[in-house]
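Work through the exercises below with the sequence and the coordinates at hand, and try each task before reading its solution.

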Amino acid sequence: MTDESTPDIPAEKLVKVYLKMKAAKSALEAEIKKIDGQMEQVKAGLLGYLKVQNLETARTSEGLFYRSIRKRYTTNNWEAMGKFVLEHQVPELYEKRLHQGNVQQFLEEHPELLPPGLNVDSEYTITVRKE
């Protein structure tokens, strides 16, 4: 069903079905959150096992598990980072994405300016709430 079509089902029934689905989805998300928490506890136990045994990897009859290091880089000084990037000509240190809220605000404040290469994707959305 596209937003141009006229549904044969009454809007009241569509809202009722939507709200039931939303409630079911919330229940599933709560269950997933609970399972995620339990999985974190199991992972902590496996990490503890590897640490105590002084291992990087271990194999059991049920499967293999190993630890690895995940690094994440951040900055708490964007001004200094910006100067560093310009000074060393390393723009690849940045991700190629636009800040959605800032672009929207800029366009609202400067409707006469259009950044080159800017694409805008707009679509209608529906929000359903129980009254």
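The exercises that follow concern pockets and salt bridges in a predicted model.

**Exercise 1.** Determine which residues line the largest pocket, and state how the lining divides by class.

*Solution.* Begin with the volume, which for the largest pocket comes to about 420 Å³. Next, collect the lining residues, which are Arg72, Tyr73, Thr74, Thr75, Trp78, Met81, Leu93, Tyr94, Glu95 and Arg97. Finally, sort them by class, which gives 5 nonpolar, 2 polar and 3 charged residues.

**Exercise 2.** Find which element gives the most to the lining of the second largest pocket.

*Solution.* The second largest pocket has a volume of about 360 Å³, and its lining consists of Glu40, Lys43, Ala44, Leu46, Leu47, Leu50, Phe65, Tyr66, Arg67, Ser68 and Arg70. Helix 1 gives the most, with 6 residues. By class, the lining of the second largest pocket has 6 nonpolar, 1 polar and 4 charged residues.

**Exercise 3.** Taking a cut-off of 4 Å between a side-chain nitrogen of Lys or Arg and a carboxyl oxygen of Asp or Glu, count the salt bridges and examine the one between Glu40 and Lys43.

*Solution.* The count under this rule is 4 salt bridges. For Glu40 and Lys43, the N to O distance is 3.2 Å, and both residues lie in helix 1, 3 residues apart, which is about one turn of the helix. Turning to accessibility, Glu40 has a relative accessible area of 46% and is partly exposed, while Lys43, at 45%, also counts as partly exposed.

**Exercise 4.** Explain why the salt bridge between Arg67 and Glu56 ties together separate parts of the chain.

*Solution.* First confirm the contact, in which the side chains of Arg67 and Glu56 meet at 2.9 Å, N to O. Then locate the partners: because Arg67 lies in the loop between strand 2 and helix 2 (78-88), and Glu56 in the loop between helix 1 and strand 1 (57-59), the pair ties together parts that are 11 residues apart in sequence. Arg67 is partly exposed at 27% relative accessibility, and Glu56 is partly exposed at 46%.

**Exercise 5.** Decide whether the partners in the salt bridge between Glu95 and Arg97 are buried or exposed.

*Solution.* The closest N and O atoms of Glu95 and Arg97 are 3.5 Å apart. The threshold for an exposed residue is over 50% relative accessible area, so Glu95 is exposed at 63%, and Arg97 is exposed at 68%. Both Glu95 and Arg97 are also among the residues that line the largest pocket.

Definitions and conventions. Residues numbered from 1 in each chain as written. Predicted model: local features only at pLDDT ≥ 70, side-chain atom pairs only at ≥ 80, totals over all residues. Heavy atoms only, no water. 1 Å grid on protein atoms, 1.4 Å probe; cavity = no way out; pocket = protein on both sides within 12 Å on 5 of 7 lines; lining within 4 Å. Points joined across faces, edges and corners; volume = space filled by probe spheres on them. Nonpolar A, V, L, I, M, F, W, Y, C, P; charged D, E, K, R; others polar. Helix = DSSP H or I, 4+ residues; strand = E, 2+ residues; numbered from the N terminus. Buried < 20%, exposed > 50% of the residue type's maximum accessible area, 1.4 Å probe, protein only.
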